Amino acid sequence: MKKLFRFFGSPAGLAVLVIVAAITCASIAATYLFKLIQTDVEDRLVATLEASIHQARQSLEKHQTLARYWAENPLIQAAALAASNQQSSDSKTQISNAQASLSAVSGIENYRDYRLIDRHGNVILSRPGHDVRRQARIRLPDNLLSQAWHGRTVVTPPFKSGRPWPDKRGRLTENIATMMILSPVRDEHGRTVALLSFELDPDLIFLPAFHHNQIGKTGHTYAINSDGLLLTASKYDQQLRNSGLLNPRQPHAALNLVVNDPKWADTDAQNALTEMAVSLSQGQSGINLQGYRDYRGVDVIGAWRWDNSLGMGVVTETEAAEVYQLYRSILLSVTISIVFVIAITLIALFFYRRKHQHQMSSLHQRDAIINQTDDGFVTIDNRGMIVMTNPAITRLFGYASDELIGNNVSILLPPDERVEHDHYVRHSEIHERKIIHKVRSLQGCHKDGHLFPIELNVTPMTFSHQKYFIGVIRDISERHSYQQALIAAKEAAEEANQAKSDFLAKMSHELRTPLNAIIGFSQLLKMDKLDANQRESVEMIHDAGEHLLALINDVLDLARIESGRMLLSLEAVSPQELLGSLYPMLNVQIQTLGLSFTTEIDVADDCHVYADYTKLKQVLLNLLSNACKYNRPGGTITLRVTTQPDGKVRISVQDSGDGISEKMQKRIFEPFNRLDKTNSKIEGTGIGLAISAELVKLMGGELGFSSRLGEGSTFWVMLSACQPSGHQTDSD
């Protein structure tokens, strides 16, 4: 007994116990799993079967209700009575009206045909060309016809049609499966005078109900009669033909295949039906989870039920191999797992010592990395006392390791921050969010007292139920100096830019005074009597002055924008009125260049935008002027005003010029950049678009463009719509 205890106390004995426990647990789990899978499959089979039957019933009830509705329709009743009374004048009209209604409902419901049959079996109404005034060729059980003539709406089971109908491929096929719904047509005394029938494809009823309710890839739901004849479509038609179980001449298995077990089909056995079909032939229901052979000879599991309301047996089956594939896979996995557990248990005994040695090696390696890094590592407890440092800390702060361990970490901070730091440590649970895992820039205090910038990242750690904090400290003196230099350079650049803007503003004001005098005197000279040469010279002086004044105004606007001193008067502006004031200013330029100008206004008459009237006019005038200058001779300019889906107003100017290359589009809004037009004969300074873009931005809008080389450009302004009172709309 002692030897036995000693054996099970050894690593080998423990391994044997682990292996026996693993095998026992695996066996119990496999048995439980198999029962669980069987229960789940049974529930799914029953649920699928019930859903299929319920859906088929609902569909049939829907079509029965529709047939009753039309049988009780006055048009149909009148047509039946008119035909029976042979009223020639009214009969044609009433029959024509009834035929139109029945043709419409047949088209909507995808019925193959409709018939109105009198008591003599003659067809009163049918689809055009279908048996009108002929004996109805309906092969139906007498009991169903009797029930219909006695006032019941009846549905036939699927049967072979007496006329060809299109199959799934659209080809006319003889003996194709069909169904009929018959409903009595009564006169005013409640007597049945005719039968209204609708002929339909069984797939219309059973395909949604059966083929959409199945289990797995091989799942199949179908219906049979009491003789085992397959009544609905099979998903295995091609497989049945390939195996010789279905005649290749037969269009499909429905109504052409008896559900026999192929093993007994060619023998003299009295009953070759499958187990399921035998049960249904006796009007019974059942379920088989152990497996049986279906009409293909494949092992399946299934559930079936005879339904009196449908007059057929409904079956749902799926291949046993697919259903229990999961169980076999899990069983294989369990077996492999047991082998794996055994192997791991044995290997673990061998590798335990090696794993321990590896852990020790990893610890030494980690310590070596920490000791060799240039970043300082310091570990403190929850009281702020230093418990461990690395050599980098001593190099950064000038303290020996013994001088730091046991002291408060605040010794590494400036004296005026130590009290605050101690408060943070005492209430670390409150301040952790501000400190933990966040990189902070601080001042470190060297042993000799000088301060230097450091970067600190704190990480918490719990060891033996004791909380510690690890701080990683990096000297960022060089980075700090570089940042200070960048800040100084930025401030100097901003001062230089401000000085430039102030200079431009002052110079613009200084230049405008003599220019106004030059322009004024040129206007006075133009009023005198001058010869042609003198008038041309005065015109050149006046035009040059106006051009220079416009340039100075643009420079002044640019300086105001850059200095932030541009003031706008935002109000409700009517785009239509604004554009109307631009046309006279552009007529001369457009006519001189031989351009075609069109406008497309697609906004409400009371449309207004929130903008500065004068500045918006300046922007649009600049865009239109550019469209004229950079257009082709005889080109077109289109001005559009539209309302966008978000409620904003878009004003666009489209030209048919040379367009702008993708490379130059990036520099289109740079001040004084005329792209490739610098040396051309076209006048310009290159600051109009830059000013326009900034003005639109100040008005809360957006200026953009699109262009394709060789096709032209479209520049657009997007502004917020507003009420005529000046209040912006909700889209803003």
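Is N110 buried or exposed? At 53% relative accessibility, N110 counts as exposed. The close-ups below come from a predicted model.

**View 1. N110 in the loop between α4 and β1.** Residue N110 lies between helix α4 (88–109) and strand β1 (113–118). Its phi is positive, about 60°, although N110 is not a glycine. Most residues other than glycine have a negative phi. With a relative accessibility of 53%, N110 is exposed because that value is over 50%.

**View 2. L255 in the loop between α7 and α8.** The loop that holds L255 runs between α7 (237–242) and α8 (262–265). L255 also has a positive phi, near 70°, in a residue other than glycine. L255 has a relative accessible area of 9%, so it counts as buried, the limit being under 20%.

View 3. N288 is buried, with 8% relative accessible area. The side chain of N288 makes a polar contact of 2.9 Å with the side chain of E275. The N288 side chain also reaches the backbone nitrogen of G291, at 2.8 Å. Leaving aside residues up to four places away in sequence, N288 touches E275, I301, G302 and W304.

**View 4. Helix α19 against helix α21.** Two packed helices are described by the angle between their axes and the distance between the axes. The axes of α19 (residues 613–629) and α21 (residues 688–698) come within 10 Å and cross at roughly 145°. The crossing of α19 past α21 is left-handed. From α19, the residues in contact are K615, Q618, V619, N622, L623 and N626. They meet G688, L689, I691, S692, L695 and V696 of α21. The residues of this contact comprise six nonpolar, five polar and one charged.

**View 5. Cysteines C445 and C628.** A disulfide is a covalent bond between the sulfur atoms of two cysteines. How many disulfides does a search of the whole structure find? The search finds zero. C445 is buried, with a relative accessible area of 6%. C628 is buried as well, at 2% relative accessibility. Both cysteines count as buried because their values, 6% for C445 and 2% for C628, are under 20%.

Notes. Residues numbered from 1 in each chain as written. Predicted model: local features only at pLDDT ≥ 70, side-chain atom pairs only at ≥ 80, totals over all residues. Heavy atoms only, no water. Buried < 20%, exposed > 50% of the residue type's maximum accessible area, 1.4 Å probe, protein only. Polar contact = N/O pair within 3.5 Å; in protein donor to acceptor, adjacent residues only side chain to side chain. Contact = heavy atoms within 4.5 Å. Disulfide = S-S within 2.5 Å. Axes fitted to C-alpha atoms, helices over the stretch in contact; angles between N-to-C directions. Helix = DSSP H or I, 4+ residues; strand = E, 2+ residues; numbered from the N terminus. Left-handed = near helix turned anticlockwise from the far one by under 90°. Nonpolar A, V, L, I, M, F, W, Y, C, P; charged D, E, K, R; others polar.
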